[in-house]
Structures are given as structure tokens and as C-alpha cells.
Amino acid sequence: QAVNENKVKREYLIKDAVSASMTLASDEVNTLALDGRTKEAINQVALDTPNLRVRTTARKIANALGNTKITFVEGRVAAAAYNRNTDTIELNLDVPLNIHALLHEGAHAATIQVLSNPSNPVTKKLTKLYNNLQGNVPNGYAMKSLQDFVAEAFTNVNFQSQLAAFKPSGGKLTAWDRFWRALTDFLGFP
């Protein structure tokens, strides 16, 4: 959910939207995050997880990050946020670090430039899919904005299941298939 605080554009992941199906971050991920080593922390997620999709997603996010930083905040309603202005993932110290929160904000960092360009072919595909899903997919948080739709579809296995169960416009491909194809174009997924 985008929030404009004093013209600082942040994408927030509210606490209630953190996927319960994703585990808490390992001690190694926590240590790397506390040290401000963003790519290494996300790559450690890939090393820690037995889930192939989470492993692949973590690696792709880490590879797509530029100089994204991690900072820690307290007293926020959100579990985490991505600050576009400073290219910083902000993790809430009041909430145990969950893999979903770290990957969700990493997905914002990895995709924000492309999604900010409405004439980009990937953005056009994802916008069309997002618009087709409005009112047809029950995950309200993921449907608040194109940016949260992409971050949730990229990182939330529960939302991925919902997308896999829906075929927009009665076509042959599921919403998940369409999303995955757009990601293939963007991040080079196999």
C-alpha cells in the first residue's frame, strides 16, 4: 500500500498481510539484515529454504537489486516498507522478521523502476492482468495497487494459489501463468 509521508513514497506491507505460511527468518538472515547486507540476506533466504519457488524467487530478487539498503525502524503499523526515494527496505523491529516481509519489500525494490514506466511492455502486461483481476480475486491487500499486486504475486504462496485457480477472460492460461510469463520477460525466469 503506497503512503506519502512528507513526499517520501513508501510501499508498506501491513502486519496483517504478512503470509503466515512463510517462516521467520533464520539467525543468519537476521544477522545479515542487521549488518545492512541486503543482497546477502536475501540470498541466505535462498540457501535456507527447502521450497524451490521461494529459493528461485529469492535469488532473482537478490540478482535484480541494485544498491538497495536495509534499515530498521520501530513503532510503525507496517511489518516492513520500501522507501522509493532512498532505495531502502525498512524493517520494523517490533515485528519478528518474516521471510515474506523481506522478499515482498525486496520485490518492490527489484521491480519499482519497471512498474513506474507505464509504457514498458512488462508493465503493460502486468497492468492488464491486474485490471482483469479486479473484483475477481479475494486477496484485498494484493489488489490495492499494481506494485503490491506484483510484490504479493511474486512472494506470497497463498496469493499464488489464488492466481493459479483463476482464468481471466475465460482463457486457457491462469492468472498465475500470465504473471509468471511476464516475470520471465522481466527477470529471466526459466
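Select P121, K124 and K128: these exposed residues sit on the face of helix 5 turned away from its buried side. Exposed means over 50% relative accessible area, buried means under 20%, and partly exposed is in between (1.4 Å probe, protein chains only). Helices here are DSSP runs of H or I with at least four residues, strands are runs of E with at least two, and both are numbered from the N terminus.

Before you go on, note that this is a predicted model: local features need pLDDT of at least 70, side-chain atom pairs count only at pLDDT 80 or more, and totals for chains, interfaces and linings use all residues. Residues are numbered from 1 along each chain as its sequence is written, and side-chain values use heavy atoms, with hydrogens and water left out.

Now pick V122, T123, L126, L129, Y130 and L133, the buried residues of helix 5. They cover an arc of only 130 degrees around the axis, so they lie on the same side of helix 5. (The arc is taken from the directions from the helix axis to the C-beta atoms.)

Zoom in on the start of helix 5: a side-chain oxygen of N120 comes to within 2.8 Å of the backbone nitrogen of V122. A polar contact is a pair of N or O atoms within 3.5 Å; within protein, one must be able to donate a hydrogen and the other to accept it, and residues adjacent in sequence count only if both atoms are side-chain atoms. Just after helix 5, find G135, with a positive phi of about 80 degrees.

Next, click F179. Not counting residues up to four places away in sequence, F179 touches L126, L129, F149, V150, A153 and F154; contact means heavy atoms within 4.5 Å. Which residues have the most contacts inside the largest nonpolar core? They are F149, L163 and F179, in a core of 50 residues. Helix 4 gives the most to this core, with 10 residues. Such a core is a set of buried Ala, Val, Leu, Ile, Met, Phe, Trp, Tyr and Cys residues joined through side-chain atoms within 4.5 Å.

Hop over to helix 1 (residues 27-34) and color V29, L32 and A33, its buried residues. They fall within an arc of 100 degrees seen down the axis, so they line one face of helix 1. D27 and L34 are exposed on the other side.

Last stop: Q44, in helix 2. Q44 counts as buried because its relative accessibility is 17%. Leaving aside neighbours within four places in sequence, Q44 is in contact with S26, E28, V29 and L32.
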